[in-house]
Amino acid sequence: MAVGFAETQVALHLRMPTEPLVSAEVGPVRVDILVADITTLAVDAIVNAANTSLLGGGGVDGAIHRRAGPDLLKECETLGGCATGSAKITRGYKLPAKHVIHAVGPVWNGGKRGEEALLASCYRTALALAADNRLTSIAFPAISTGVYRFPADLAGRIAVGTVVSEISADPHGLERAVFCCFSDESAQHHIKALAELGLA
Ligand code: ADP
């Protein structure tokens, strides 16, 4: 018998908040796609979608600073900002995550100002910082897809494509990479991207 609408709703409702929708193995790394508030994840590092000042903002940035407490801002104030496409690491303070990697995604301006390369560079730099700090688990939000207006489907392909390609080339001790989406729609873009790579 086909599963009806009501049963599907119940199944969705019962799913644990941080249970992956899809998981894939990329060498020794488990890649998970899930829908969650990234500030709840107990991983070695969560990635922040920050702005160049690194002094806090709205969206996921605001949520991370709220949950981490004021000491996060104090450390960010010592960093001297961050260029678009790059990232800097801090401690996680009151967050369950040990570190925050503050990545600055590009503002979408139609796609002719290097936005795709800059977004890929955020993911690469975050992974390099994780490797430098010997971290084994990292969670990414969908950088630039909120206030910065990057098209969510293209951003999902760049996020998944860049991370899979980097960890395929060298996992650097990483064991788990999480795409922590904030909506089912965002998760579907990431799942589609993983499927296009033959991994889901
Ligand atoms: P940007 O300025 O880089 O676009 P935003 O914070 O506005 O950054 O949005 C980036 C993505 O983060 C969006 O997909 C948004 O829905 C998502 N997001 C917002 N809050 C959270 C959160 N608490 N956990 C995970 N993702 C979040």
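How many residues of strand β3 (residues 45-50) are buried? The count is 6 of 6, so strand β3 is mostly covered. This is a predicted model. The points below cover that strand, its partners, the ligand shell and a pair of helices.

**Strand β3**
- A45, V47 and A49 point one way from β3.
- I46, N48 and A50 point the other way.
- Residues on both sides are buried.
- In a regular strand, side chains alternate between the two faces of the sheet.

**Partners of β3**
- Strand β5 (residues 99-104) runs parallel to β3, and 6 bridges join the two.
- Within β5, H102 is the bridge partner of N48.
- Strand β6 (residues 137-140) also pairs with β3 in the parallel sense, over 2 bridges.
- Within β6, A139 is the bridge partner of I46.

**Around the ligand**
- The ligand is surrounded by 20 residues.
- The closest are A49, G59, G146, Y148 and F182.
- One of these, A49, is also a buried residue of β3.
- Helix α2 (residues 59-68) gives the largest share of the shell, with 4 residues.
- By type, the shell holds 11 nonpolar, 7 polar and 2 charged residues.

**Helices α5 and α6**
- Two packed helices are described by the angle between their axes and the distance between the axes.
- The axes of helix α5 (residues 152-169) and helix α6 (residues 184-196) come within 8 Å.
- These axes cross at roughly 50°, and α5 and α6 are therefore oblique to each other.
- The crossing of α5 and α6 is right-handed.

Terms used:
Residues are numbered from 1 along each chain as its sequence is written. This is a predicted model: local features need pLDDT of at least 70, side-chain atom pairs count only at pLDDT 80 or more; totals for chains, interfaces and linings use all residues. A residue is near a molecule or strand if its C-beta atom, placed from the backbone, lies within 6 Å of it. Ala, Val, Leu, Ile, Met, Phe, Trp, Tyr, Cys and Pro count as nonpolar, Asp, Glu, Lys and Arg as charged, and the others, Gly among them, as polar. A residue is buried if 20 or more other C-beta atoms lie within 10 Å of its own, exposed if 12 or fewer, and partly exposed in between; C-beta atoms are placed from the backbone. Two strands pair if DSSP finds at least two bridges between them. Axes are lines fitted to C-alpha atoms, for helices over the stretch in contact, and angles run from 0 to 180 degrees between N-to-C directions. Angles under 35 degrees count as roughly parallel, over 145 as roughly antiparallel, 65 to 115 as roughly perpendicular and the rest as oblique. A crossing is left-handed if the near helix is turned anticlockwise from the far one by less than a right angle, and right-handed if clockwise.
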